[in-house]
Structure formats: C-alpha cells, structure tokens
Amino acid sequence: MPSNDQKSDTQIIKDGKVITDEWQLVASNDEEQTGSVVETKTIIPLSVFEAHKELVERDDIGVWITNDVDIHAVADSIIKLPVIAIDFPTFMDGRGFSLARLLRERYDYKGEIRATGYVIRDQLCYLKRCGFNAFSFDGDIDLESTAASLNDLTEAYQTSVDKPSPLFRRRA
Amino acid sequence: MYKYDQYDNQIIQDRVSQFRGQTERYLNGQLKEEEFLPLRLQNGLYVQRLAPMLRINVPYGMINSAQLRRLAHIARHYDKGYCHVSTRQNIQFNWPDLAEVPDILAELAEVEMHATQSSGNCIRNTTSDQFAGIAADEIVDPRPYCEIVRQWSSLHPEFAFLPRKFKIAVTGSDTDRAAIQVHDVGLQVIKNEAGETGFRVLVGGGLGRTPVIGSLLREFLPEEHLLTYLDSILRVYNLLGRRDNKYKARIKILVKAMGIGAFKEKVEAEWAHIKGGPATLTQEEIERSKSFFTSPLYEEIDDVSVQADIDGIAADNIAFSKWLTRNTFAHKVPGYIAAVLSLKPTGVAPGDITDNQLDIIADLADKYSFGEARTTHDQNIVLTDIKKSELFEFWKTVKAAGFATPNIGTLTDMICCPGGDFCSLANAKSIPVAEAIQRRFDDLDYVYDIGDLDLNISGCMNACGHHHVGHIGVLGVDKKGKEFYQVQLGGSANEDAALGKVLGPAFEQDDMPDIIDKLLNVYVDQRNEDELFIDTYSRIGLQPFKESVYAKQ
C-alpha cells in the first residue's frame, strides 16, 4: 500500500524532471475520506472510487490500484481520470509493468501513470518503457541522481510504449 | 553465427555500465543487499557456498574461437583456471570477485557475449539442439529463431520481474535434442502442408520440485507471429502466476491450475489484441537472422571414399574405433562429421573445463571446424564440421588433450549439477557420486555393452541435474543432516519425454555404485536382443529392479 502523504512539498519524478507533487494520496479506504468530501487533486483507492457513483463525474481526482486488479473490468471507468497510480507492494512483483502497458496500449490512456509503493531506481528505465511517466519514492533519496536512471539503457530490441517500433524495424 | 551490429553493441555496453554503477552503489552501501540481489542475478551473479558464481550465456550453445579464448583468459585472470558447462548450455565461473564482475562483463562484451538474464525471475538464455544446422533429420534450422528470441527476451521491460524464472527451448528436428517438453515454453520449428514455416508451441513443462511434461498450446503458429504470441503467454503468466509461494510460481503450476484449455483461452484473448502489431516479424528480419546461419563453405567431397578410409583406420585401431562409434554424429553434408568432445573423463567434475582446454578447443575449432563450437545441455562440447579426411588426425589431438573419453551417451557421460560442493541450494553432493560411479564402471567394454543410458544426478529437488528425465535419475536428499540418494527409473528428455518413477527408499552415498550395478544387472539379465536399458524398463516395469535392489542379503 502506498504511504499517506499530506505534505505539500513532496517531490516526485514526472516526465523526466523532479517536480513538486501537486497531488495528495489517500492510502486507506477510511470512511471519512469518501464521497463528495474528496478534495481536489487527491488520489484515492479504487475501492472508494467504485463505492461512490458521484465520483465518476469528477475530473480533478485520481485513483490508485493494487496490482491484482482485473484491469479489463475497471479500465473504462478509470481512464477518464487524470492520474492512475499503480501500487507496487514490493519491487520484485512485476505485475504493474503489464498493467501500465495495457492502460497505454489497449485503453489508449493519455493521463499520468504513477508508480507508487516500493519501486527502485534501477527499474525506472523499464517502468518508463512500459508507460509510467511519474514515480514517487518513499524515504530520503536523491531524486535528481535517481532520475538519471530513466536513461540507463539507450536502445532496446522490443516494442514498448515509449518506442512502439521494435529495433528490427529500425535497423539501418 | 550471429554477429553484433552497432545496436547490439550499444545495448550490451549500456548494460555493462548500468551494472558497474549498481555494483559500485552496492559496495558503497547506497544499494541495499535485498535490492542488489535481483539486479546481480539478472547479470548472472549468484552468491554461492564458497564464493560468487557467475553464469555467462552461451546463446543456444553457439560459441566461436575468439569467445572460447576470452573465456580461457577470464578463467586464468579472474578465476581459478577453470569453468563449468551447465545443463542449459551456459558457462559458469565459480570463483570470481564481486568487485571485478563488471570488468568481466566488459571483457565479454568485447567478444559479443553477456550474462544478461542468465539468472533471476526473468526470461533466461534460450537453448537449442547442439546439432542444429548439420543434423540430417532437421526440418528447419532453429538458430535464426533462437537469435530472434534472444533479442526479444534481452532486457524486455515488461518481463524482468516475473513470478519465477522462465526458460525457452527450440528444436528444428523430430528427434528432440533440446528437451523442449520440459521447458516453460518449448518450440518446435516445423513446416505445414503448404510448406510454410511455423512453430508447434508447448507450454508448462519443467523439472524442479514438480516435474511436468509440457502441454500443447498451439499446433501451428506461423513464424511471423512468434514474438506477439510469446508476449501474450508471458503477459498472462506475469499477471496470473502465483507469487505467494516460490515453489508454486512457475508457469507449469498456473497451466495445471487453470487447465490447458482455460490457459489457452487467456493467451489467445490477449493475442487477439497484439497479433499483427509492431512486434510481428517482418520477412526481412527473418531473412536477416537466417543470413547469419548459412552453411559454411563446405568442400565437395566423395563420402564413400573418405568413409572407407576411416573404416580402414578404425579396423586397425580399437581406441579410434570406439571413439568413432560413441563420440561422432552424422553430418548432412557428404564428407563431413560432427565430433563430441567429452567433458566427462573419470576424476573430473562433469562439465568442468580448464583455461588451457578452452584454448585448445579454440585452436581445434579454427583448424578443423570453421572457428565455431557448441556447448551441449549434457555438458559436453561439439565441433560440428570436421572433414572425415582429417578425422583421425583430429582424434589424435583431441585424445592428447583429454577430450577423447569415448563415452558419449553412455552411463559415464552423466549429467550432473555442481551439487553441495559448490551450490548453496543443494541438499547433497553430486560430483563425488558421479565420480564414484565413473570409477566403478571404468571397463569400457561393459559400458558399451550397456549402450545408450542417460544417468542424471541432481544435488537437490531443484533438479539442475535433470534427474527426472534420466533413464536412471539420482536425487540427493537431506535426512537429519545426512546426505542420502533417491533413485528414479524410466525418465526421458527426448521426443518420448517421460518422468522417472521413484524406486524406493534412498541410499547412502557409498552404496550408490553398488545400487547402479544391481540395476544394470537386472537389465543385462532381462534384456531382449538390442533392447536398451530404457526399453527393458518400459517392458518389465519398476518391480524387478526394486526386488533386486532391496532384496535381503
């Protein structure tokens, strides 16, 4: 589960840059954090979003999903939102990579896909290639040097979200 | 053989730089042990019982003389002067220094080799038939497709953190020398009635704790769809494979739990969306890959005459004759023959090879076999393109170098994992058992009389020694801190793939040569003319073997 973060000066990596996060994330599905009381620029759990029909009309909130969600069952309702966060319970659990690709490639989602929970710097390159464009990290880490790992690998064989044409179609 | 271009070089060099940075951060304390773990595994580096172990990919077993010499150099300068051919055609170094591993990877990159994804929960090195391209029974050369799979799987962004490891094997013959039925995905390159090339796709085979023979997923997958179909299989596995228990995380467990029908439905549903997409292979790409595996410049040779010469020499030279019978393999081109260099002489750990031997093989490859060699999954080395007219001279050199033990395919050509002497996973030692058996059965005439026999030894149920698919399989087990050995009979890794059945209670290490002896005696007593051990077993079953081995003295 991603951690609650109410501070206004939290930094994240987005679109390759370190920026101040304008969103706050609600980690729990506590009853008090539900329905119309959801403040603007809040990322809420999918369960809360689904429990309150009126939230479907909002275009100023985001949702976060666990990586065991049936993405095909929820995609139609969440792709209207500006932010979808995918939680990594541990960095070793790679389901989120497939979920992001499906959102981008199958559902043509153009908003922000954010990696939350436990990801490590050394995964940024792969995460980016699968369609993530925002990354939040827990703890005290140097985001500037971390962001450099987005470009650890400069060329790739496969088709991916950021470069749909595989190398074999591009070889000179 | 495949040759890197600027893109392949860039990809591998980026990878080396990335791992150098990761290693530095780890050694500086900036990268946690548990976070470095999967990163080093995906660069081939295990931490073993005594030292790190570095596993280097030999893509589908193909290796050239420059690469062999570089491995010799690495063995000399970074290790203790030897390395090990693994049961998946890879090369393992047992004593590298962690801090020097980035340098080793940089040395490998210079000769177009890497250790990317040779370990970890990701797509591993693709394996194949060691006689690909030269076997008379081959329908389609599998190597161009192996290379396409190597590129697709290397640094695949979506499948680097799978529930568990994922192994692909490809064969192009009806005779399966790549054990495709016991791989996560097994591909057989075939031609359909219209003459089009495609794949018979098997899924969910594997050894380990829960050995399973793979299920048929698709009878014919047209070649251009190879990568989109693999992407679909992997995506279903990545999303649905179990992650709560590492012993139930392989794709075989998912396929069994869902049933092959339901699993296939999921794969086909996924595929419906990406089929025909950008990952669809172009004819240009298939041709490009094939262009690296064209036949070398064979001479036109009168086979009858050179064969008569060889037969003449063999008639007067028993040692050569034995080697010719056991250690060579027919070549599709007249006048040529393939030779297997045995890495199983008695007294050497099966598959071990020294720096000097690597250099000698490189020289042999350059002189006799177009500069190329192959590693085999039964831990030997093959030179595929020897002129029959040079075979006797070749044999003399090979014999002097210690590679001519004429035991290929026999009882003493065992598949054996490194076991408890090296591996931290092992429950029991495996190398001393192999050696004790080799010492007991040092009478070649007896070994030849027994004939083809796969004897496979694993030091634990992870089954790196492929014990489930040995005609005789030996599994090391730990009972209250003491090492015992369980015996299985009747396994096979070929097109008639089968899993062995457990004979009964396990034995002590010292008893193993006697046990093997008793099993062989039952076979010798009961065999019909020309029956191999596995045939006799299939006919008479487990019981006679059991009675003999467990009989009260």
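Modeller: Two residues are in contact if their C-beta atoms, placed from the backbone, lie within 7 Å. This is a predicted model, in which local features need pLDDT of at least 70 and side-chain atom pairs count only at pLDDT 80 or more, while totals for chains, interfaces and linings use all residues. Residues are numbered from 1 along each chain as its sequence is written, and chains are lettered from A in the order in which they are written.

Colleague: How many residues does the contact take from chain A and from chain B?

Modeller: Chain A contributes 29 residues and chain B contributes 29 residues.

Colleague: Which helix gives the most to the side of chain A that touches chain B?

Modeller: That is α3(A), with five residues. Helices (H or I, at least four residues) and strands (E, at least two) are DSSP runs, numbered from the N terminus.

Colleague: Turning to the sheet, in what order do the five strands of chain B run?

Modeller: The open sheet has the order β1-β2-β5-β4-β13 (chain B), with antiparallel pairing; two strands pair if DSSP finds at least two bridges between them. At the edges are β1 (45–47) and β13 (352–354) of chain B, each pairing on one side only.

Colleague: Where does Ser86(B) lie, then?

Modeller: Ser86(B) is in the loop between β4 and β5 of chain B.

Colleague: Is Ser86(B) buried or exposed?

Modeller: Ser86(B) is buried (20 or more other C-beta atoms within 10 Å of its own), because 21 other C-beta atoms lie within 10 Å.

Colleague: What is Ser86(B) in contact with, beyond its neighbours within four places in sequence?

Modeller: Its contacts are Arg55(B), Gln92(B) and Gly351(B). The C-alpha atoms of Ser86(B) and Gly351(B) are separated by 6.9 Å, although these residues are 265 residues apart along the chain.

Key: Buried ≥ 20, exposed ≤ 12 C-beta atoms within 10 Å, placed from the backbone.
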